[in-house]
Amino acid sequence: MKKNYLLAWGTDAGTGKRINQDSLLVKQAVCKDTRIVLAVLCDGMGGLKKGEVASASLVRAFSEWFEAELPAIAVFESPEEEILRSWDTLIMTMNAKILEYGRKKGIRLGTTMTAMLFMGEEYYLVHVGDSRAYKLTDRLYQLTKDQTLVQREVDQGLLTKEQAAEDSRRGVLLQCVGGSEKVEPMYDKGRIGRNSVYVLCCDGFRHVITGQEIYQALNPSSLTDESVMEERCAGLITLNKERGEQDNISVIVIHT
């Protein structure tokens with residue numbers, strides 16, 4: 001079935017950083033009369049040197065995958081296994097390359113990543129770190145789980161969600177691409193909802209605004225075209241900056 005997608009995105013260095021270490025990718029193609037969309041958001045690690053190099057390298061690798069490998073995969077009757085296999089190879093390869101680059105330069109660098117591929121009736125998701133993916137329908141649903149120290153303590157019953165949101169260690173990651181010897185991505189898939197909105201964002205996008213504010217701005221019924229979506233993305237970025245968000249601020253929105 002042919003699908004039309006509305007797409008918008010935005011990124012800003014924020015109020016506290018000179019360099020924007022986030023990297024974004026949105027690509028589209030048509031295969032057998034079906035539109036395919038790939039969205040990738042990578043947040044270069046601000047506490048590490050050359051975070052923008054790590055995030056841009058991983059985004060570039062996904063862009064090359066979309067051009068070189070996806071066309072052959074897209075014609076499969078059941079492409080899930082091949083998508084996940086090729087993504088796993090890509091991430092492990094890039095993790096090793098970024099680690100080696102860091103060793104040669106005598107620095108540490110890394111990046112989070114959240115990527116979604118919309119193809120046919122399904123979406124495919126891969127995630128490392130604390131960037132997030134949400135689905136908005138009747139409310140806001142979080143599709144990813146933060147791979148952070150405080151989230152692990154929430155899972156263990158040592159912290160509440162409210163305590164975790166205010167904890168000074170909230171930015172401590174359990175893993176990131178290029179900054180960990182071994183990376184174990186989270187993979188997921190789901191059926192693409194009709195008249196749904198999917199949001200990819202870095203942690204700086206959602207520190208000082210609420211899930212309710214995100215939903216109010218980006219709920220499906222309020223997004224009539226891409227210009228409105230772009231305005232809403234810009235408005236949420238501005239709201240973050242007005243509230244003093246120090247980190248880089250990035251978001252990608254896909255309206256089905």
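1. Where is the place of M45? In this predicted model, M45 sits in the loop that runs between β3 and α1. Is M45 buried or exposed? Its relative accessible area is 15%, and buried means under 20%, so M45 counts as buried.

2. Who are the neighbours of M45? Leaving aside residues up to four places away in sequence, M45 touches Q21, G51, G110, T111, T112, L173 and C176. E122 is another matter: 77 residues along the chain from M45, its C-alpha atom is 31 Å from that of M45.

3. Now for helix α1, which covers residues 51-68.

4. Look at which side chains of α1 are tucked away: G51, A54, S55, S57, L58, V59, A61, F62, S63, W65 and F66 are buried. The buried residues of α1 pack against β2, β3, α2, α3, β4 and β5.

5. How do α1 and α3 (residues 80-105) pack? Their axes lie 10 Å apart, at an angle of about 150 degrees. The crossing of α1 and α3 is right-handed.

6. And the residues that meet there? From α1 come V53, A54, S57, L58, A61, F62 and W65, facing S86, W87, L90, M94, I98 and Y101 of α3. By class, that contact has 11 nonpolar and two polar residues, with no charged ones.

Terms used. Residues are numbered from 1 along each chain as its sequence is written. This is a predicted model: local features need pLDDT of at least 70, side-chain atom pairs count only at pLDDT 80 or more; totals for chains, interfaces and linings use all residues. Side-chain values use heavy atoms; hydrogens and water are left out. Axes are lines fitted to C-alpha atoms, for helices over the stretch in contact, and angles run from 0 to 180 degrees between N-to-C directions. Helices (H or I, at least four residues) and strands (E, at least two) are DSSP runs, numbered from the N terminus. A crossing is left-handed if the near helix is turned anticlockwise from the far one by less than a right angle, and right-handed if clockwise. Contact means heavy atoms within 4.5 Å. Ala, Val, Leu, Ile, Met, Phe, Trp, Tyr, Cys and Pro count as nonpolar, Asp, Glu, Lys and Arg as charged, and the others, Gly among them, as polar. Buried means under 20% relative accessible area, exposed over 50%, partly exposed in between (1.4 Å probe, protein chains only).
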